[in-house]
Amino acid sequence: MAFINDHYLKLKAGYLFPEIGRRVNKFCEENPNAAVIKLGIGDVTEPLPTAIREAMHAAIDEMGEAGSFRGYGPEQGYGFLREAIAKNDFQSRGVDISADEIFVSDGSKCDTGNILDIFGANNKVAVTDPVYPVYVDTNVMTGRTGAADENGRYAGLTYLPVTAENNFVAPLPESPVDLIYLCYPNNPTGTVATKETLKQWVDYARANGSIILFDAAYEAFITDPEIPHSIYEIEGAKDVAIEFRSFSKNAGFTGTRCAFTVVPKQLKGTTASGEPAEIHPLWNRRHCTKFNGVSYIIQKGAEAVYSEQGQEQIQSLIAFYLENARLLREGLESVGISVYGGVNAPYVWLKTPGESTSWEFFDELLQKAHLVGTPGSGFGASGEGYFRLSAFNTRNNINEAVTRFQNVVS
Ligand code: MLT
């Protein structure tokens, strides 16, 4: 008899984005002439910048010569990329992260899920609500929760509501938690955390022996100079936080796949017998056992992100998507919609008009305007009554989407 992992049976029917895809495909089959605009999943639309492509081409040529051909690379990533990340993303901001604290991977989605391998099943886990569903679903899969209630909240998880009422600032948990997922700039709300907010979390983690899993996949979209890009900008964070970063959204790697996770050497957890234990060797062991590294060609492309030309090109990509976010935000506000986020992030989070639930509004927008967004309730019970629009699209589609949206709600 082959037993399954029964925890999978607790998961809600489908992962959010495939469920949206299913509804959209059905609509398109029934309405083959509808020009549907998709602002649902945050997938980039603009081509890979030239500097990145040129680096990849050169790497392909190297792979075609016996003298420069490469097979397996280091599981943790090539030194050239880890050094470039440490220098440009951290040291240049006065943050003391070294290359050997960086693990190159094929995505933050994978890393934020896989990280649970190295943590005990008995940890009390806190997530904001709404939240990027991967954090919740991977905890369910690994048996860290009970069943979901009628609102989709799993027993055993601590949910920290973030809504317009608390200005999207997560309250500290009322009873102690061990692992805390934070994502800033936030997916889905598009809001950011100030230094003071992050300091509160770092202080909390230090006082409670907790570890913060800090997802900074959207840090490149921060425009406000007062907002921290890394949790390690907060004093003491290296003792209590793991940070996840990605090349997906800033440099167009959603299809190409490259990301990295920072595990400071001084970060410690606790063994079952109460002894302190370093996290870095555990993640290194896990990474080397279950992962064979990102391809050389892709890592050369990622390295080019940090070249002068690469920086110019990715800054113009980021500015392009942020301008899309501005157009969405202002276009919606002009017809009386309450809009949040979209200033330091590529997501616009809005209140659904009238009394519609998030999914009702999703269906209405699809049927009447042939527009796709993401229902807030798909990100958690406290997302009910909200809706997310992604700014990743062409300018024409964004302009057209704003017009169609305005027609539906006015
Ligand atoms: C989203 O739309 O929330 C993101 O695209 C999901 C992801 O990056 O995995």
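## A pair of antiparallel strands

Strand S2 (residues 102-105) and strand S8 (residues 259-262) run antiparallel and are joined by four bridges; two strands pair if DSSP finds at least two bridges between them. One such link has Val104 with Phe260 of S8 as its bridge partner. Strands here are DSSP runs marked E of at least two residues, helices are runs of H or I of at least four, and both are numbered from the N terminus.

This is a predicted model, in which local features need pLDDT of at least 70 and side-chain atom pairs count only at pLDDT 80 or more, while totals for chains, interfaces and linings use all residues. Residues are numbered from 1 along each chain as its sequence is written, and side-chain values use heavy atoms, leaving out hydrogens and water.

Now look at the side chains of S2. Ile102 and Val104 point one way, Phe103 and Ser105 point the other way, and all are buried. Buried means under 20% relative accessible area, exposed over 50%, and partly exposed in between (1.4 Å probe, protein chains only). In a regular strand the side chains alternate between the two faces of the sheet.

## A parallel pair

Strand S5 (residues 179-183) is joined to S6 by five bridges, and these two run parallel. Cys183 has Asp215 of S6 as its bridge partner.

How many residues of strand S6 (residues 211-215) are buried? Five of its five are.

## A closer look at Val372

Val372 sits in strand S13 (residues 371-372). Val372 is buried, because its relative accessible area is 3%. Leaving aside residues up to four places away in sequence, Val372 touches several residues, among them Ile20, Val36, Leu39 and Phe362. Contact means heavy atoms within 4.5 Å. Ala401 is 29 residues from Val372 in sequence, and their C-alpha atoms are 9.4 Å apart in space.

## The whole protein

Stepping back, the protein has 12 helices and 15 strands, and 53% of its 410 residues count as buried. Among contacts with a separation of 6 or more, 73% come from residues 24 or more positions apart.

The C-alpha trace spans about 60 × 55 × 55 Å along its principal axes. Why does the radius of gyration fit a compact globule? A compact globule of 410 residues would have a value near 22 Å, and the protein has 21 Å, which agrees. This radius is taken over C-alpha atoms, and the globule rule is 2.2 Å times the number of residues to the power 0.38.
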